[in-house]
Amino acid sequence: MPSCGWLLLALSLAALTGNTFGAVAYAQTERNCSLSPPYLPSTAVNTTLRLQDLRELMLPLNISAYIIPGTDAHLSEYIAPRDARMAFMTGFTGSAGTAVVTQTKAALWTDSRYWVQAERQMDCNWELEKDVSISSVAEWLMSEVPPGGKIGFDSFLFSLKTQEDYSLNLDSSNRSLKSVPVNLVDEVWKERPPVPPDNLTRLPDRVIQRSWQMKVEHIRNQIRDNPYEPTALLLSALDETAWLFNLRGNDIRYNPFFYSYTLLTMDEIWLFLHTDRVTDELRVYLNASCNGLLCVQLKSYDTVRDHLKKYVAQSGVKVWIGTEYTNYALYEIITPEEKLMTSSYSPVLTTKAVKDETEQRILRDAHVRDAVAVIQLLMWLEKAVPEGKETELTAAEYVNKCRGKQKDSRGPSFETISASGPNAALAHYSPTEGTSRKLTVNEMYLVDSGGQYLDGTTDITRTVHWGAPTAMQKEAFTRVLMGNIEISRTIFPSGTRGVNMEMLGRRALWEVGLNYGHGTGHGVGNYFGVHEWPVGFQSNNIPFRTGMFTSIEPGYYKENDFGIRIEDVAVIVPVHTKYGHNYVTFDTVSLVPYDRKLIDITLLSSEQLQWLNKYYKTIRMLVGPELDKQGLQEEKDWMLKHTESFVESGSSASVCSSSLTLVALAVALLHNII
C-alpha cells in the first residue's frame with residue numbers, strides 16, 4: 001500500500017498540475033455547511049459536546065488553543081483505538097492529520113488522500129485545511145491566537161522535529177507552545193478504550209535465527225563501537241522492542257506490537273511495559289528474576305520518564321536516541337546536551353532493516369502462500385462480477401477470508417483497499433457499508449491488500465478490468481507496469497539510496513504527462529508493520545543493501561474516473577556483473593500475475609518483456625506446487641492461463657534502446673550524488 005511519505009511532493013505536484021489526486025466531490029455523501037441548516041451525511045459525527053467539554057478544560061490552563069496530533073506516544077503510523085484522539089474529537093478516521101481547537105474555532109489539517117473522507121465524516125464545527133505542513137497550522141494559529149497567547153500540547157505526542165518546527169514558526173510572533181502534563185482529550189473521552197488484556201507472545205524457534213540475547217549483544221557492540229561513546233540506548237518505536245526480544249502483542253490493529261519502551265545499557269536491560277500481561281513463562285524466557293547482563297528488568301510502562309530522569313541524573317552517562325521515533329517528553333529530560341546522542345534511526349531499526357537468512361527464507365515462503373489467496377480472489381471475481389452481485393466490500397471480505405485459511409495466518413496487515421471506478425482514484429479508499437460500490441465489468445478495479453503471517457508480512461496491489469478497457473486506461477496501466485519493471489530489473493551499487501532511483505518508477509508516466517502523488521515504496525517486516533521504516537524510496541530512508549525488503553508501487557489516478565496501482569514486494573539480492581563488485585538488484589517475491597487485458601506489449605521494450613516472462617515462469621515454479629499442495633486445481637489452471645509467455649512483437653523489440661541508455665545514464669549520474 002502507498003506509504004504516508006512524499007506528501008509534500010504530492011501537494012506540490014497538485015499545485016503545479018491542478019490535479020488534487022482524487023479529491024472527488026460526491027455531493028450526496030459529503031457535508032454542505034453553506035446550507036441553512038447545514039447538510040450532514042449519515043457518516044458525519046456530532047462533535048459539539050466533546051468540543052464544549054474540551055474548551056472548558058482549556059480555560060483554567062490559560063491556553064488559547066490545543067493541538068491534537070493523529071499519533072501516539074511512540075509516533076506510530078498505525079495507532080490503537082485508545083490513542084485515536086484526533087478521530088474522537090473530529091470524527092475523521094484517516095491515518096494522517098492534525099486537529100487544533102480554540103475557544104471559537106476548530107480545524108483539521110490533512111493531505112489530499114483524505115479530503116473527501118474528511119468531508120464525509122466531520123460535522124460543521126470543523127474547518128478542513130487542505131495542507132499538512134506545520135507552517136500552515138502555525139499561520140492559522142497566528143491568525144486565531146492573540147499575541148502572548150499560549151498553545152497547549154501533549155509533549156508525548158510530539159516528535160523532536162514537530163516541536164522544533166512549531167517553535168520556529170511561532171516564537172517570532174509572540175505566541176508559544178505550552179506543554180500540558182495531562183492529555184485533555186483523554187479527560188474528555190469518558191469511554192476511552194482500555195489497554196487490551198491480551199498477553200504477550202514469543203515467536204516460535206522455527207521463525208528465529210537470532211535469540212534475543214544474541215540481538216542484545218549485537219546492539220551493545222554497536223553502542224560500544226560508537227565514537228561518540230554513548231552509555232545507553234533508548235528504544236521508543238514499538239517495533240524496536242518487539243524485534244529485540246522476539247515478542248509480539250496485539251495492542252494495535254493489523255500490527256503485532258505492544259506498548260513498550262526499552263532502556264539498554266552495557267550491563268542492564270530495562271523493559272517498560274504493562275507487567276500484568278507478562279506470563280510466568282515469559283518472565284523465565286526474559287530472565288526477569290536475576291540482575292545479570294542478560295537479565296531483563298521489567299518496569300511499569302508509565303514509569304519510563306521517571307526512570308530515564310534518574311538514569312540521566314548520574315554522572316558520566318550519555319543516552320543514544322533515534323530522533324524519528326522519540327517523543328519530545330522523553331527527549332527534553334535528557335539534559336544537559338552532552339548527555340544526549342542522536343541519530344535519525346536507532347541501531348535497532350537499521351539492523352532490523354537487513355533480514356537474516358532465516359527471515360529472508362520465511363518471508364519468501366509467506367508470499368507464496370499469500371499469492372494463493374490473491375489468486376483465489378481474482379479468479380472468483382472474474383466469474384462473479386459479470387453476475388452483478390459483488391461489491392467492493394464483499395471482495396475485501398473474500399480476500400481476507402482466503403488469507404485466513406492459509407498456514408500461520410494472523411489476519412490482514414492493514415485495512416483492505418478495495419476500490420472500483422472513481423473510488424479507486426482515492427489512493428487510500430477502503431469500502432464501508434455506506435460507500436461500497438457494486439463491481440461491474442465496465443470499470444477498473446483496484447485491490448491493495450496484505451496479510452500477517454507468523455513468518456512474514458505481505459502487501460500486494462493488483463488492478464484489473466473485466467470488460468473492455470479504454471485505450472487511455474490500457475496505456476496508463478502499461479506505463480505503470482513499465483515503471484514497476486524498470487525499478488525491479490535495475491542493477492545498482494549497494495548503498496544506493498532509493499530516492500535516487502525513484503524516478504525510474506515514474507519515467508514512463510512522465511513521458512506522456514502522467515504522474516502519481518504517493519511514495520514509490522516502503523519497507524516490509526517479518527510479522528511486523530506493513531510499512532517498516534527506514535527502508536524505501538523516500539529522502540529519509542537509509543541506503544539499500546542486500547537483505548532488505550521493499551515494496552515497489554507506482555500508480556496513476558484519474559480523478560473521478562479510475563485508479564491504477566501495481567505493487568510488489570522485492571528483496572535486494574547480490575548480482576554478478578562483468579566488471580564491478582558489490583552490485584545488487586531486486587528479486588520480486590510477490591507472485592501474482594498482472595491483468596493481461598490491460599497490457600499493451602507494443603509499449604514494452606524487449607528487456608521489459610523478457611523480465612515479465614521470466615517473472616511469470618517464477619510464479620509457475622513457486623506458486624504451482626503450493627496450489628497442488630492445497631489441492632486447488634482450478635486456481636492452478638487459472639494461474640497457468642494468466643502466466644503464459646508474451647510473444648515479443650516486432651515493434652516492442654525496438655522500443656527506444658536509446659531510452660534505456662538514458663535510464664542507465666540517469667542512475668549513474670544519481671549514484672554520483674549519493
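Author: Some terms before we start. Ala, Val, Leu, Ile, Met, Phe, Trp, Tyr, Cys and Pro count as nonpolar, Asp, Glu, Lys and Arg as charged, and the others, Gly among them, as polar. This is a predicted model, where local features need pLDDT of at least 70, side-chain atom pairs count only at pLDDT 80 or more, and totals for chains, interfaces and linings use all residues. Residues are numbered from 1 along each chain as its sequence is written, and side-chain values use heavy atoms, with hydrogens and water left out.

Reader: What lines the largest cavity?

Author: The lining has 20 residues, with L203, V207, R248, E359 and N526 nearest the centre. Two or more lining residues come from each of α9 (238-244) and α14 (357-384). Helices (H or I, at least four residues) and strands (E, at least two) are DSSP runs, numbered from the N terminus. By type, the lining of the largest cavity splits into nine nonpolar, three polar and eight charged residues. Its volume is about 160 Å³.

Reader: Which residues lie nearest the centre of the second largest pocket?

Author: T93, G94, S95, Q117 and E415, out of 34 lining residues. The volume of this pocket is about 1,000 Å³. Helix α4 gives the largest share of the lining, four residues. The lining divides into 16 nonpolar, 11 polar and seven charged residues.

Reader: Now sheets. In what order do the three strands of the open sheet run?

Author: Two strands pair if DSSP finds at least two bridges between them. The order is β15-β18-β19, with antiparallel pairing. β15 (409-412) and β19 (456-457) are the edges, each with a single partner strand, so one side of each has no neighbour in the sheet. β15 pairs with β18 (residues 451-453) over two bridges. P412 has G451 in β18 as its bridge partner.

Key:
1 Å grid on protein atoms, 1.4 Å probe; cavity = no way out; pocket = protein on both sides within 12 Å on 5 of 7 lines; lining within 4 Å. Points joined across faces, edges and corners; volume = space filled by probe spheres on them.
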